[in-house]
Amino acid sequence: MVSDNLKKFSTSQLLNFCLGFFGLQFAWQMRIILSGPLTESFGASPLLFGLIWLAGPFTGIVVQPIIGALSDNTETPFGRRIPYLMGGAILGAIGLFLLPNSEVLASFLGGKAPWWCALFIAAIMIWIIDACVNAAQGPYRALIPDNMPREQHSVANSYLSFAIGLGSVIAAATAPVLKYVFNYQMSTAAQFYMAGIAFLLGMSWTCLTIRERKISKEELKIEEENAKEEIRKSFIQNLKEFFALSPEVGKICTVQFFSWIGVMSLNIFFTQYVIHVLYQVPDLTAIPQEFQSTYDTLVMSGQNFSSICFAAFNLICFIIAIPIGKLAERYGNKKVHFVALLFMALAYVLLAFLPNPVSTIAAISLAGIGWASILALPFAMLSRYIKEGTEGSVMGIFNIFIAAPQILVCTLLAWFINISTTTINNMPNNHYEYAFLVGALMLIFAAATTLALKED
């Protein structure tokens, strides 16, 4: 194998390598936290917001495989992957700069634009951002087998996980720290600009400092033939081969499916839950526009608190990631994953029934244990059934059981919250806490299925 003859990366080179992924995750975390309040200010109901969130799973299913395949067969003076990394970073940064200015862009249409114009432009920007993040992820991870020896593949991916955790924590914590420590409140627009700059600078640094290995014509020809063979295979055929690996594979997919319904219930609706349930801001789309500005301070406070919670969530995940692996080695993957999922389900129940800041911080920190397990142990359980040389196709199919649950949350759960209306202080609102009740139930299903797995 060519990868076995490549020069090993030093620790400093591995740290340098993951800087681009740090910027990518920084941008993605800000997109998660801020897009809900921003789109609501443009008139998005819970259902419309959920439909806008379809950008993530859709671009993950469609864009990432296409860009990955294209980068396999690209030859430029800059390399195979770097053009896609820089293209994704540039377009993604533009989307992050323009998103908070959607109303300004709508005003260029002339006259008084309808209310939905700004929302429509914001939705387009979110789809562009998500497409660019997904477009950069595949080629970025492909740099590992392209340029590092096989024995470093695991450690290189762990460095990317390190960058994911660190990027998420710093992105979420920046605005609240500036507010509570230095009494400076970053505007929502400034936070989006910061995310765009981090994405662009981080990815630019990686592209400037990483030299891609030159691929010989013979290697390129082999890869092209492999790609053609995969294309010739039908999706159904690939799916059959995937589930034929072992009866346990279907159970692992079921665990992942229910787990990700739980994960996305948090990612999509947590900031809105904080603003509308904890801080009791009414549904801004249901009150006259002239009164909406009276809630600006409360909305910003809710955003800051949500950011602190996401920082705690990712920090616990970051801290617990290695101990989770050690415990799994000692007690088995399924037992540790079962307990971690129950912790996350308990956290969701606390969020639903104890809506106050102290219990919310405690619950979100507890949920971080489950998040650390979901990021690692299902892949560890699946990896024992993967035949050598089929890793890419197997992981591609496994990704369906991450993307499909997201689609359900963006549509059915968003619709359910949209019709679950209530009043707080005699003002219209929605039961955002229902997202965590549904998420808790799904996580319990995932935990029960985990126990059904057979493990040596």
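Helices (H or I, at least four residues) and strands (E, at least two) are taken here as DSSP runs, numbered from the N terminus. The structure is a predicted model, so local features need a pLDDT of at least 70 and side-chain atom pairs count only at pLDDT 80 or more, while totals for chains, interfaces and linings use all residues. Residues are numbered from 1 along each chain as its sequence is written, and side-chain values use heavy atoms, with hydrogens and water left out.

One of the helices, α18, spans residues 400-419 and holds I419. This isoleucine is partly exposed, at 46% relative accessible area, where buried means under 20%, exposed over 50% and partly exposed in between (1.4 Å probe, protein chains only). From I419 to N430 it is 11 residues along the sequence and 7.8 Å through space, C-alpha to C-alpha.

As for the protein as a whole, 53% of its 456 residues are buried. Its exposed surface comes to about 20500 Å², and carbon and sulfur atoms supply 67% of that; the areas come from the Shrake-Rupley method with a 1.4 Å probe, and for residues only the protein chains shown count as cover.

Next, the aromatic rings. Rings of Phe, Tyr and Trp (its six-membered ring) pair if their centres lie within 6.5 Å, with planes under 30 degrees apart called stacked, over 60 edge-to-face and the rest tilted. That rule gives 20 aromatic pairs. One of them is F17 with Y140, a tilted pair at 5.3 Å centre to centre and 55° between the planes. It ties together distant parts of the chain, since F17 sits in helix α1 (residues 11-17) and Y140 in helix α7 (residues 115-147), 123 residues apart. Both partners are tucked away: F17 is buried at 1% relative accessible area, and Y140 is buried at 0%. Elsewhere, ring pairs join W260, F270, Y273, F310, F313, Y348, W371 and F436 into a cluster.

That leaves the empty space. Rolling a probe the size of a water molecule over the atoms shows where such space is left. On a 1 Å grid over the protein atoms alone, a cavity is a set of points where a 1.4 Å probe fits but cannot get out, and a pocket is an open set with protein on both sides within 12 Å along at least five of seven lines; lining residues have an atom within 4 Å of a point. Grid points are joined across faces, edges and corners, and a volume is the space filled by probe spheres set on the points.

The search turns up 2 cavities of 30 Å³ or more. The largest has a volume of about 60 Å³, and its lining includes E248, R384, K454 and E455. The second largest cavity holds about 30 Å³ and is lined by E40, A44, S45, P46, F49, Q272 and Y432.

The second largest pocket takes up about 900 Å³. Its lining has 33 residues, with S41, F42, E103, Q289 and Q292 nearest the centre. Among the elements giving two or more residues to this lining are α2 (19-41), α12 (247-278) and α14 (296-331), but α6 gives the most, with 5 residues.
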